[in-house]
Amino acid sequence: MSFKFSERSLNVLDSVNPDLQAVCMRAIEISKVDFGIPTNGGLRSAEEQNRLFHAGKSKLDGYEKKSKHQSGDAIDVYAYVDGHASWMPQHLTHVATAMLAAASDLGVQLQWGGHWRNFVDMPHFEISK
């Protein structure tokens with residue numbers, strides 16, 4: 001079964017690094033679980049990043065500590081299961097498998113926030129430079 005992004009997800013995807021766009025497009029083709037990109041999951045302003053920081057959803061404040069979202073080198077995703085968005089680890093792990101495989105196929109260095117030790121961020125993927 002092959003999935004495809006909604007128009008909203010495609011609009012967010014359009015705001016990020018072309019290499020990241022290619023990884024996401026390949027990953028949605030090979031994923032065993034449907035997924036999408038939340039409205040604030042792509043390129044972010046410093047103000048947007050700061051709001052997420054104050055909400056406890058990021059360790060980076062957007063000003064002194066900048067996020068790769070601010071340069072378009074990061075994206076957040078959610079799994080889409082049984083007609084609903086899911087941030088369940090088992091669903092996001094399936095998405096991560098597709099994202100990491102797609103990055104490998106395309107020769108893109110990609111880090112998954114699910115591998116981080118200090119702040120596990122399973123929806124997060126970023127280009128390594």
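**Close-up views of a predicted model**

**Figure 1. The backbone nitrogen of Lys 65 is 2.9 Å from a polar side-chain atom of Asp 61.** This is a predicted model, in which local features need pLDDT of at least 70 and side-chain atom pairs count only at pLDDT 80 or more, while totals for chains, interfaces and linings use all residues. Residues are numbered from 1 along each chain as its sequence is written, and side-chain values use heavy atoms, with hydrogens and water left out. The Asp 61 side chain also reaches the backbone nitrogen of Tyr 63, at 2.8 Å. Such polar contacts are pairs of N or O atoms within 3.5 Å; within protein, one atom must be able to donate a hydrogen and the other to accept it, and residues adjacent in sequence count only if both atoms are side-chain atoms. Asp 61 belongs to the loop between helix H3 (46-54) and strand E2. Helices (H or I, at least four residues) and strands (E, at least two) are DSSP runs numbered from the N terminus. Asp 61 is buried but has no salt bridge, and the nearest side chain of opposite charge, that of Lys 65, is 7.4 Å away. Here buried denotes under 20% relative accessible area, exposed over 50%, and partly exposed the range in between (1.4 Å probe, protein chains only). A salt bridge places a side-chain nitrogen of Lys or Arg within 4 Å of a carboxyl oxygen of Asp or Glu. For charge, Lys and Arg count as positive and Asp and Glu as negative, whereas His and the chain ends are not counted. Apart from neighbours within four places in sequence, Asp 61 is in contact (heavy atoms within 4.5 Å) with Ala 46, Gln 49, Asn 50 and Phe 53.

**Figure 2. Helix H2 (residues 18-30) has its N-terminal end capped by Asn 17.** A side-chain oxygen of Asn 17 lies 2.7 Å from the backbone nitrogen of Asp 19. The 13 residues of H2 should span 18 Å at 1.5 Å a residue, in agreement with the 19 Å between its end C-alpha atoms. The expected span is 1.5 Å times one less than the number of residues. Leu 20, Val 23, Cys 24, Ala 27 and Ile 28 are the buried residues of H2. They lie on the same side of H2 because they cover an arc of only 130° around the axis. The arc is that of the directions from the helix axis to the C-beta atoms. These buried residues pack against helices H1 (7-13) and H4 (89-106) and against strands E1 (34-36), E2 (74-76), E5 (110-112) and E6 (124-127).

**Figure 3. Gln 21 is located in helix H2.** With 22% relative accessibility, Gln 21 is partly exposed. Not counting residues up to four places away in sequence, Gln 21 touches Leu 13, Asp 14 and Val 16. Its C-alpha atom is 12 Å from that of Phe 125, a residue 104 positions apart from Gln 21 along the chain.

**Figure 4. Helix H4 has buried residues at His 91, Leu 92, Val 95, Ala 96, Ala 98, Met 99, Ala 102 and Ala 103.** Seen down the H4 axis, the buried residues fall within an arc of 165°, so they line one face of the helix. The face turned away from this buried side carries the exposed residues Thr 97, Ser 104 and Asp 105. Just after H4, Gly 107 adopts a positive phi of about 70°.

**Figure 5. The whole structure contains 4 salt bridges.** Side chains of opposite charge can pair when their charged atoms come close. Arg 44 and Asp 76 are both buried. In the salt bridge of Arg 26 with Glu 29, the closest N and O atoms are 3.0 Å apart. Arg 26 and Glu 29 are separated by about one helical turn because they are 3 residues apart in helix H2. Glu 126 pairs with Lys 68, the closest N and O atoms being 3.8 Å apart. That pair also connects distant parts of the chain: Glu 126 is in strand E6 and Lys 68 in the loop between H3 and E2, 58 residues apart. Salt bridges with shared partners join Arg 26, Glu 29 and Asp 105 into one network.
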